[in-house]
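Please examine the model shown below.

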Amino acid sequence: MRRVFGITGWKNSGKTTLTEKLVAELVGRGWTVSTVKHAHHDFDIDKPGTDSFRHRQAGATEVAIVSGRRWALMHELRNEDEPSLDDILARLAPSDIVLVEGYKREAHRKIEARRLEARDRTPLSANDPNIVAVAADFKVEGETLPVFDLDDTKSIADFIERTTGLVAPGK
């Protein structure tokens with residue numbers, strides 16, 4: 001079973017920055033970390049004119065790009081439903097933990113990012129029992145969950161390790 005932990009929140013709540021900092025912190029502690037980012041909009045990681053773009057435009061369902069430094073697999077849905085998070089997790093190589101950015105409505109444990117500059121500041125935790133902590137850049141009043149400073153990456157990483165059972169051998 002995979003260790004999965006999510007970072008959720010409204011647009012401009014600091015999810016991507018927190019995810020980036022947590023990846024660096026957990027990797028620095030010796031863990032292998034994978035990430036899944038959910039986008040609510042059409043996106044493209046390829047550019048018009050490249051060979052791989054041309055392959056997709058011609059109708060290929062999957063295009064793999066491979067070099068000596070990295071590889072990527074693009075899958076065109078071509079009127080298929082968006083895959084579930086579980087479907088995506090099943091395609092990932094083994095890792096110690098997967099951090100999932102977005103996927104507000106999925107049933108994995110999550111931390112809710114909150115920023116004063118967010119598009120919406122309505123707490124998500126009130127209606128999501130899978131949110132197990134909050135990270136905010138302002139003082140949070142009346143919250144029953146653990147609350148962290150949004151910039152306290154080390155404490156948040158400690159919490160994620162404890163919550164997911166990610167413990168180094170001998171600890």
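**Nonpolar cores**

Within the largest nonpolar core, which has 20 residues, those touching the most other members are Leu-18, Leu-22, Ile-97, Leu-99, Ile-111 and Ile-156. A nonpolar core is a set of buried Ala, Val, Leu, Ile, Met, Phe, Trp, Tyr and Cys residues joined through side-chain atoms within 4.5 Å; buried means under 20% relative accessible area and exposed over 50%, with a 1.4 Å probe and protein chains only. Two or more residues come from each of strand 1, helix 1, strand 5, strand 6, strand 7 and helix 4. Helix 4 contributes the most, with four residues. A second, separate core of seven residues includes Val-4, Leu-89, Val-98 and Tyr-103.

**Basis of the model**

The model is predicted: local features need pLDDT of at least 70 and side-chain atom pairs count only at pLDDT 80 or more, whereas totals for chains, interfaces and linings use all residues. Residues are numbered from 1 along each chain as its sequence is written, and side-chain values use heavy atoms, leaving out hydrogens and water.

**Helix 4**

Gly-165, with a positive phi near 75°, follows helix 4.

**Surface**

Val-66 lies in strand 3 (residues 62–66) and is exposed, with a relative accessible area of 63%.
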